Amino acid sequence: MYVAHLSLADFRSYTEVELPLEPGVTTFVGPNGQGKTNLVEAVNYLATLGSHRVAQDAPLVRFGTERAVIRADVVDTSATTPRHNLLEVEITPGKANRARLNRSPATRPRDILGIVTTVLFAPEDLALVKGDPAQRRRFLDDVLVARAPRFAGVRADYDRVLKQRNALLKSAGAATRGAKRGGQAPDLSTLDVWDTHLSTAGAELLAARLELVDALRPLVAKAYDAVAAGGAGDAQLTYRSSLGPEMDQAADRDTLARELLAAAGRARQDEIERGVSLVGPHRDDLVLGLGPMPAKGYASHGESWSFALALRLASYELLRAGGSDPVLVLDDVFAELDTGRRDRLARLVADAEQVLVTAAVPDDVPDRLEGSRVDVGSGSVRPVG
Amino acid sequence: MYEGVVQNLIDELGRLPGVGPKSAQRIAFHLLAADVDDVRRLVSALTEVKEKVRFCATCGNVAEDELCRICLDQRRDPSILCVVEEPKDVVAIERTREYRGRYHVLGGAISPIEGVGPDELRVRELMSRLADGTVTELILATDPNLEGEATATYLARMVASLGLRVTRLASGLPVGGDLEYADEVTLGRAFEGRRSLDV
Ligand SMILES: Nc1ncnc2c1ncn2[C@@H]1O[C@H](COP(=O)(O)OP(=O)(O)OP(=O)(O)O)[C@@H](O)[C@H]1O
Ligand SMILES: [Mg+2]
Ligand SMILES: [Zn+2]
């Protein structure tokens, strides 16, 4: 797939932009703070309904205005005849966002997921290796959604169960403490019900993650080799589940649901005392290993970068094997890498169907990724040549 | 901020469901500009509804008397009881003309975030209605979203020992939504194809 046209209205620094795009490589060049990342962030938003830079929508809307609109013409080239899809998202912080596909309103914004998928490399990726587990869970879940959009629903359902269950645990905890001082005993009659829902929704997410990690494992090892070109050892992935170390192998959903339910039962006393859910995929981590050592805390800066790139490259390979090339976005990454890693990364992505690159210094981008160039400066976007 | 009484009105309107601060302001200024008679009619409609309409002592549906129209109707089958969240769900199901049994309105769904547990719903009333054995089938028609499902699971477990046939509306209803938004045909089909719930 590729994005043939991008239009923005009141998105980030842009009042209005109309930007035609081609398959192949496009490099956005311009001084710092001119709005290069803002453009690719918009494309990525259509693929994930989120930003890679901020958790909230408010900063995405041009300062002083109320809503932003991102529109794109996305060409699906996986069929014999290319098919155009017109995507539109209206972002209104504080209200429900709205989406349209080929001009008809979608029931929910997430119904448009899957029309365009992206794999985005950004300076923030270093946090995949050095950051907390939430970063790596999000990485896995984003790939799940890109592979099968229904996982956006699975994820949302799980988050909702978790919120409800935590609210109940919190009030139960408060009531338990009150009961010790002679107050009413907590009403735990519905906790069993939430346990059931947590374990069913959790098992679906967990099963999918375990299966995904199995699929990524060889691809990450291969990509790490290719980027690092003979580093300190093999790149390894281990899924660490709150169910314990024996639960890192792919398993069927019913088994996982039973295990989660049993684990929730064992943790109940603790959970009530602390007022939070202690078992489930929201507590899990994807442990990255280099040879015998964990990458986090041990790997060098360069090795950490290689690992982060390997995770992105592996997800790109995996999505591509699913039948349709995602749009590759390389946001400011070359400035972060040494020459060797730059060149090897460029070689690995050069044949992608569409690559969008941003760079403040054009010389940072390896020659083989030259492609067409778009100058970005003071709110205007201008194709060169 | 506006002068005291105007701001009061805006604040009151803003507490209504689906009315944000902007709409509240728009409605308030519409009322300020409106004909006195129009406003009086609205006021008396509001007063009347609070004075005349109450909730059915048996099922919790809206009623103009002690009992609602459906509970008073002798032709309705007393052996089937359909549990819904809100009176508006009764209206939605009645529209399908598929259902000839009776109702029980819970007054919401279990939602710890909003502080709603079984005690805040008409669960105890439901249990006493089931006690005499007249009801043989219980249809759990709570909304097809998480809170509705959780409420259905909870109720199914509560009544498990009573030996009733417990059913849930067939899938096909838009998941994550409200019962009231399902069209008549879909809802009617969901009723026909209801399936027994295992706990
Ligand atoms: N909501 C907003 N409203 C108005 N302007 C914004 C908004 N959000 C960001 N900006 C402006 O956009 C600019 C940043 O754009 P962007 O991140 O795309 O820069 P860039 O070209 O990628 O720069 P760099 O080379 O430093 O990465 C900043 O000047 C910022 O003030
Ligand atoms: Mg940038
Ligand atoms: Zn009644």
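Reader: What makes up the shell around ligand 1, by class of residue?
Author: Its residues divide into four nonpolar, nine polar and four charged. Here Ala, Val, Leu, Ile, Met, Phe, Trp, Tyr, Cys and Pro count as nonpolar, Asp, Glu, Lys and Arg as charged, and the others, Gly among them, as polar. This is a predicted model, in which local features need pLDDT of at least 70 and side-chain atom pairs count only at pLDDT 80 or more, while totals for chains, interfaces and linings use all residues. Residues are numbered from 1 along each chain as its sequence is written, and chains are lettered from A and ligands numbered from 1 in the order in which they are written.

Reader: Which residues come nearest to ligand 1?
Author: Of the 17 residues around the ligand, these are Ser13(A), Asn32(A), Lys36(A), Thr37(A) and Asn38(A). A residue is near if its C-beta atom, placed from the backbone, lies within 6 Å. Helix α1 (residues 36-48) of chain A supplies the largest share of the shell, three residues.

Reader: Why are α5(A) and α7(A) called oblique to each other?
Author: Helix α5 (residues 191-228) and helix α7 (residues 301-321) of chain A pack at about 130 degrees, their axes 7 Å apart. Angles under 35 degrees count as roughly parallel, over 145 as roughly antiparallel, 65 to 115 as roughly perpendicular and the rest as oblique. The pair is therefore oblique. Residues making the contact include Leu216(A) and Leu219(A) of α5(A), and Phe307(A) and Leu311(A) of α7(A). By class, this contact has 15 nonpolar, two polar and two charged residues.

Reader: What does each chain give to the contact between chains A and B?
Author: Chain A gives 15 residues and chain B gives 12 residues, two residues being in contact if their C-beta atoms, placed from the backbone, lie within 7 Å. On the side of chain A, α4(A) gives the most, with eight residues. That side has five nonpolar, six polar and four charged residues.

Reader: Why do β8 and β15 of chain A stand at the edges of the sheet?
Author: The open sheet of six strands has the order β8-β12-β13-β3-β14-β15 (chain A), with mixed pairing. Two strands pair if DSSP finds at least two bridges between them. β8 (118-121) and β15 (380-384) each have a single partner strand, so one side of each is left without a neighbour in the sheet.

Reader: How do you know that β14(A) pairs with β15(A)?
Author: Five bridges join β14 (residues 372-377) of chain A to β15(A), and the two run antiparallel. Asp375(A) stands opposite Arg382(A) in β15(A).

Terms used: Helix = DSSP H or I, 4+ residues; strand = E, 2+ residues; numbered from the N terminus. Axes fitted to C-alpha atoms, helices over the stretch in contact; angles between N-to-C directions.
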